[in-house]
Amino acid sequence: VFDNLISYIYFAMILAYIHAHRTYIEQPQMHIINDTAPTIRPSVVMFGGVVVACALIYFLNVPYIARSQTLIHALKEDYGGRYDSALLFYDETLALAGLGREESREQLVQTSIRVWKSDAADSIKEAFTSRARAELEASVAADPLNTRPLFFLGYALSNTSADEEGIDVFRSALTVNPARQNFLYEIARTYLNAGEFDAAIATFK
């Protein structure tokens with residue numbers, strides 16, 4: 001998205017420069033002295049535009065590129081089975097504010113579920129599940145009407161042996177948005193995995 005925005009800014013700047021330069025050449029030179037309205041040369045405008053564009057490129061791209069690279073390192077360590085190192089990278093990327101934080105939280109949920117189902121030490125499993133839960137609860141508290149964090153919180157709980165809590169979260173999400181069928185599906189799936197077949201069938205219906 002930001003790359004496209006920067007491209008549009010560059011395009012508009014180039015058009016503005018061409019138009020200003022052409023108008024400056026084609027118009028007859030009028031030697032009018034006006035001390036109250038100094039003329040701004042196109043080159044000055046162009047230079048200012050370049051400075052603004054460079055600032056936008058940095059502030060809208062560089063911090064988030066750094067976050068993305070850290071998240072990629074976390075995923076690499078995760079898939080390599082180096083969970084201690086993966087959690088450190090997650091800590092680093094989640095410490096950064098701004099865009100991309102929710103994506104990092106959602107990836108942490110997926111990793112915590114994989115770790116929970118792996119043969120990792122119980123302390124590692126607890127570290128991932130507690131961190132994922134804390135991050136998603138913070139996200140829900142920040143935006144209670146956004147059902148996406150609620151979905152991932154319920155999904156994380158229901159896939160790490162906290163079935164009842166997961167179902168409660170999904171039901172809370174349904175009160176915010178009753179039209180979302182995927183919450184009902186997740187409730188039914190959780191019942192099914194827990195062996196509560198009658199409840200699962202009733203929810204699927």
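**Exercise 1. Work out how helix 5 and helix 6 are arranged.**

Step 1. The axes of helix 5 (residues 122-142) and helix 6 (residues 147-158) cross at roughly 155° and come within 9 Å. Axes here are lines fitted to C-alpha atoms over the stretch in contact, with angles from 0 to 180 degrees between N-to-C directions. Helices are DSSP runs (H or I, at least four residues), numbered from the N terminus.

Step 2. That crossing makes helix 5 roughly antiparallel to helix 6 (the term covers angles over 145 degrees).

Step 3. The crossing of helix 5 past helix 6 is left-handed: the near helix is turned anticlockwise from the far one by less than a right angle.

A note on the model: it is predicted, local features need pLDDT of at least 70, side-chain atom pairs count only at pLDDT 80 or more, and totals for chains, interfaces and linings use all residues. Residues are numbered from 1 along each chain as its sequence is written, and side-chain values use heavy atoms, leaving out hydrogens and water.

**Exercise 2. Find the residues where helix 5 meets helix 6.**

Step 1. Contact means heavy atoms within 4.5 Å.

**Exercise 3. Describe helix 4 and its buried residues.**

Step 1. Helix 4 (residues 101-116) has 16 residues and reaches 22 Å from its first C-alpha to its last.

Step 2. Its buried residues (under 20% relative accessible area, 1.4 Å probe, protein chains only) include R105, E106, L108 and V109.

Step 3. For the chain of 205 residues, 33% count as buried.

How values were computed
Helix = DSSP H or I, 4+ residues; strand = E, 2+ residues; numbered from the N terminus. Parallel < 35°, antiparallel > 145°, perpendicular 65-115°, else oblique. Expected span 1.5 Å × (residues − 1). Buried < 20%, exposed > 50% of the residue type's maximum accessible area, 1.4 Å probe, protein only.
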